[in-house]
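Biologist: Could you put the model up and take me through it?
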Amino acid sequence: MAYKVIIPAAGQGKRMGAGKNKLLLELNNVPILIHTLFVFENDETCDGVILAISSEDEKSFKTLLQTYQIKKVQALVPGGKERQHSVYNGLKEIGSEGIVLVHDGARPFVDKKQIHQLVEVSSKEGAAVLAVPVKDTIKRVNHSEVVETVERSSLWAIQTPQAFRVSLLVKAHKKADEDNYLGTDDASLVERINEPVKIVEGNYDNIKITTPEDLYFAEAIIRKRQS
Ligand SMILES: Nc1ccn([C@@H]2O[C@H](COP(=O)(O)OP(=O)(O)OP(=O)(O)O)[C@@H](O)[C@H]2O)c(=O)n1
Ligand SMILES: C[C@](O)(CO)[C@H](O)COP(=O)(O)O
């Protein structure tokens, strides 16, 4: 089943500390953003990419799209102050029907089969996200003191892509905008309008490249995939 994908790529990469958008950093001589875009470029069921970018990066991103012959980007939209605003700007380009995925530009290792699973589940259920069971023990802490140990068996680490019926995601974003609510992912906006969100079990390789050490993990994942 066909889908479109919004890729927020307008961050500043503050936690990476590279002095530029971390999506321009290279893994195996290819920029991180291009690794991510290749996944959708090579997925025959993806029928359009909407990329949210900041004005500072516009020139270099346009050059990269040409150099790597990325054809599926149908619109470049301005990034917003927060990730959520960048996604909302992208949603305005989507229309009102079908399935839309939201996928971080900073997650280059997403698996095509899992994308297809998400599209299938979201078309039946409305919303679905990739996630993996949490491996660490998680404690709630206040002023350096443990308040409680959270029961781990029901904890999942949520990734992207996150897939939605377009009408549902538009409704959730509009409501969040009206309420000035800021969430750390798109599914949380759907949850707060009391609509169900399903989990599709993902893969621990689908890391978000956030801090410098993630670059070593990413290189290791690439080596594993090449061998
Ligand atoms: N205003 C923003 C902030 C983030 N993003 C994008 O959302 C994804 C996830 O964000 P994150 O990993 O936090 O990236 P940065 O915001 O760049 O990192 P930091 O928070 O360390 O500055 C990234 O692809 C990033 O480019 C975006 O489009 N618009
Ligand atoms: C959307 C996300 O990748 C799910 O894990 C994550 O919440 C993004 O968080 P960030 O603080 O914008 O990196």
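Biologist: Before that, what kind of model is it, and how are things numbered?

Modeller: This is a predicted model, in which local features need pLDDT of at least 70 and side-chain atom pairs count only at pLDDT 80 or more, while totals for chains, interfaces and linings use all residues. Residues are numbered from 1 along each chain as its sequence is written, and chains are lettered from A and ligands numbered from 1 in the order in which they are written.

Biologist: OK, in what order do the strands of the open sheet come?

Modeller: The order is β5-β4-β1-β6-β10-β7-β11, seven strands with mixed pairing, where strands (E, at least two residues) and helices (H or I, at least four) are DSSP runs numbered from the N terminus, and two strands pair if DSSP finds at least two bridges between them. The edge strands, each pairing on one side only, are β5 (73-78) and β11 (198-201).

Biologist: And how do β1 and β10 run relative to β6, parallel or antiparallel?

Modeller: β1 runs parallel to β6, joined by three bridges, whereas β10 is antiparallel to β6 and joined to it by four. Val5 stands opposite Leu101 in β6, and on the β10 side Gln162 is the bridge partner of Val102. Val5 also has a bridge partner in β4, namely Val49, and β1 and β4 run parallel with five bridges between them.

Biologist: Why do you call Leu101 buried?

Modeller: Leu101 counts as buried because 25 other C-beta atoms lie within 10 Å, and the term asks for 20 or more other C-beta atoms within 10 Å of the residue's own, with C-beta atoms placed from the backbone (12 or fewer is exposed, and in between is partly exposed).

Biologist: What does Leu101 touch?

Modeller: Leaving out residues up to four places away in sequence, Leu101 touches Tyr3, Val5, Leu118, Pro161, Gln162 and Ala163, a contact being two C-beta atoms, placed from the backbone, within 7 Å.

Biologist: Which residues cover the two faces of β6?

Modeller: Ile99 and Leu101 lie on one side and Val100 and Val102 on the other, all of them buried. In a regular strand the side chains alternate between the two faces of the sheet.

Biologist: Switching to helices, why do you describe α1 as largely enclosed?

Modeller: Helix α1 (residues 32-41) is largely enclosed by the rest of the structure because seven of its ten residues are buried. These are Ile32, Leu33, Ile34, His35, Thr36, Leu37 and Phe40, and they pack against β1 (3-8), β2 (26-27), β3 (30-31), β4 (46-53) and α2 (58-67).

Biologist: Last topic: what surrounds ligand 2?

Modeller: Its shell consists of Arg83, Asp104, Ile158, Gln159, Thr160, Thr184, Asp185, Lys208 and Thr210, where a residue is near a molecule if its C-beta atom, placed from the backbone, lies within 6 Å of it. Strand β10 (residues 156-165) gives the largest share of that shell, three residues.

Biologist: And how many residues surround ligand 1?

Modeller: There are 22 residues around ligand 1, and the closest are Pro8, Gly11, Lys14, Arg15 and Ser86. By class, the shell around ligand 1 has six nonpolar, eight polar and eight charged residues, with Ala, Val, Leu, Ile, Met, Phe, Trp, Tyr, Cys and Pro counted as nonpolar, Asp, Glu, Lys and Arg as charged, and the others, Gly among them, as polar.
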